[in-house]
Amino acid sequence: MEQVGLAATSDVTLWSLFMEAGLVVKLVMVGLVAASIWTWAIIVDKTMSYGRVRRRLDNFEEIFWSGQSLEELYRTLSEQKTTGMGAIFVAAMREWKKSFERGARTPIGLQQRIEKAMDVTLARESEELESRLGSLATIGSAAPFIGLFGTVVGIMTSFQAIAGSQSTNLAVVAPGIAEALLATAIGLLAAIPAVIGYNKLSGDANKITSRMEAFADEFSAILSRQIDEKLQPRQAAE
């Protein structure tokens, strides 16, 4: 009897539990494993992406505050694809140049157009930073309930086995209960990293966005002073 019990115990592996599970429970497990893989792919990709964004912001700030003229910096950046602060800077300078080429006369209108151009670019950059984070939130909230569904199906299987065999022996109900617990465990395995990753990455995205917003406000103040310097002599002459 002891040898039989040891043999039965050695046969109970995660793979054997999966293979012996019903079709519905198998689909639940496969879906949760796929969600877990997708979660880790997003976490790794976003972590590396945010690291690159921070380095670009650092490089741009170093160049911007080095004393290089705005016109020269604009010519350099306008010829290449820019992101982050660089994209905000290019959008503002492009609107600045267009407005003066068309004979801008009111500083308030010019300032509003520049700020609107920066706001649109900032919103686009923020949306790019937060892309796919919604998937983490969805997986984090839905995975435990999907695992619970697999648990319910596994327990129902156990009750059906009891009814069919007319026995309450543990050997009869154990497979269904094990399947149920495995589905719950996989659901938590998918949900916990998704929730932690979402909270961490959302915080990182907000910090990067706040940093770009601070630059946009600062650059808007710089351009506002230059607008006054350019338009006041023109208005006085008129």
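**Close-up 1. Salt bridge between K97 and E71 in the predicted model.** In this predicted model, K97 and E71 form a salt bridge in which the closest N and O atoms are 3.2 Å apart.

**Close-up 2. Salt bridge between R113 and E95.** The closest N and O atoms of R113 and E95 are 3.5 Å apart, and the two residues form a salt bridge. Because R113 lies in helix α6 (residues 107–130) and E95 in helix α5, the pair ties together parts that are 18 residues apart in sequence. R113 has a relative accessible area of 38% and is therefore partly exposed.

**Close-up 3. Network of R54, K200 and D204.** Salt bridges that share partners join these residues, R54, K200 and D204, into one network.

**Close-up 4. Salt bridge between R211 and D58.** Here the side chains of R211 and D58 meet in a salt bridge, with an N to O distance of 2.4 Å. R211 is part of helix α8 (residues 170–237) whereas D58 is part of helix α3 (residues 23–64), so this contact ties together parts that are 153 residues apart in sequence. R211 is partly exposed at 25% relative accessibility, and D58, with a relative accessible area of 40%, is partly exposed as well.

**Close-up 5. Salt bridges in the whole structure.** The structure holds 7 salt bridges, among them the pair R211 and D58 and the pair K97 and E71.

Methods
Residues numbered from 1 in each chain as written. Predicted model: local features only at pLDDT ≥ 70, side-chain atom pairs only at ≥ 80, totals over all residues. Heavy atoms only, no water. Salt bridge = Lys/Arg side-chain N within 4 Å of Asp/Glu carboxyl O. Helix = DSSP H or I, 4+ residues; strand = E, 2+ residues; numbered from the N terminus. Buried < 20%, exposed > 50% of the residue type's maximum accessible area, 1.4 Å probe, protein only.
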